[in-house]
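This report describes selected contacts, strands and surface features of one protein model. Please look over the sequence and the structure first.

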Amino acid sequence: MSLIQLDTITIQESKILSWLRDNNLTNHMSDFVERPDAHNRFVSGIMGWQWEDEFATLCELRGFSCSKPKLDTQFDWVVNSKLVQCKFSMSTRSVDIRNKDKTFNRRYRPDAFDYMAIKSNNDVYVVPINLLLDSTLTQTKQSVKIEDIAGFKDNYEVFQ
């Protein structure tokens, strides 16, 4: 006789689901979940958040001061007084570096931060924003090729 194993929800998951429902986010989530690429986008987003935390840990292990900015900024960390935006990619060829904020501006201005910390295929690239700008020099590109930033691999010395 085979038993059907039911999914169980932990107390933490129950609290999260309740918060989503209370804030009317479950209805908005269904549009996202029903997309054909939802799983990849969700996993990539979670990995991006994890990368932000990992980057801070890597900086602190190197002896750098690392703090979280106010919530309304376009960067993730302040490392030794330098503003840093983190990006994660599962691709080994290029990284989407567009802004994912609520205004959907989609590109960063040249003064939005000082460096972008990019993680791709377990490699870390710390790239100055001025090298990520498009031809107008008024906003960042949509994406950057890994081969174009290869010289900035493990470029943590910029925080000294």
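## Salt bridges and burial

K119 has a relative accessibility of 9% and therefore counts as buried. Buried stands for under 20% relative accessible area, exposed for over 50%, and partly exposed for values in between, with a 1.4 Å probe and protein chains only. The model is predicted, so local features need pLDDT of at least 70 and side-chain atom pairs count only at pLDDT 80 or more, while totals for chains, interfaces and linings use all residues. Residues are numbered from 1 along each chain as its sequence is written, and side-chain values use heavy atoms, with hydrogens and water left out.

The side chain of K119 meets that of E54 in a salt bridge, with 2.8 Å from N to O. A salt bridge here is a side-chain nitrogen of Lys or Arg within 4 Å of a carboxyl oxygen of Asp or Glu. The pair links distant parts of the chain, since K119 is in strand β5 (residues 115-120) and E54 is in helix α3, 65 residues apart. Helices (H or I, at least four residues) and strands (E, at least two) are DSSP runs, numbered from the N terminus. E54 is partly exposed, at 29% relative accessible area.

A search of the whole structure finds 6 salt bridges. Among them are the pairs in this table.

| Pair | Closest N to O |
|---|---|
| E52 and K68 | 3.6 Å |

E52 forms its salt bridge with K68. This pair also links distant parts of the chain: E52 is in helix α3 (residues 38-61) and K68 in the loop between β1 (66-67) and β2 (77-79), 16 residues apart. E52 is buried, with a relative accessible area of 16%, whereas K68 counts as partly exposed at 48%.

R107 lies in the loop between β4 (94-96) and β5, and D134 in the loop between β6 (123-128) and β7 (143-145), so the pair ties together parts that are 27 residues apart in sequence. Both R107 and D134 are buried.

## Cysteines

How many disulfides does a search of the whole structure find? The search finds 0 disulfides, a disulfide being a pair of cysteine sulfur atoms within 2.5 Å. The sulfur of C59 is 5.1 Å from the closest cysteine sulfur, that of C66, which is too far for a bond. C59 is buried at 0% relative accessible area, and C66 is buried at 15%.

## Strands β5 and β6

β5 and β6 run antiparallel and are joined by 6 bridges; two strands pair if DSSP finds at least two bridges between them. A117 has V126 in β6 as its bridge partner. The two strands form a hairpin with 2 residues between them, and N121 in the turn has a positive phi of about 55°. In β6, 5 of the 6 residues are buried, so the strand is largely enclosed by the rest of the structure.

I46 is located in helix α3 and counts as partly exposed, at 35% relative accessibility. S91 is in the loop between β3 (82-89) and β4, and is partly exposed at 27% relative accessible area. The C-alpha atoms of S91 and S65 are separated by 30 Å, and the two residues are 26 residues apart along the chain.
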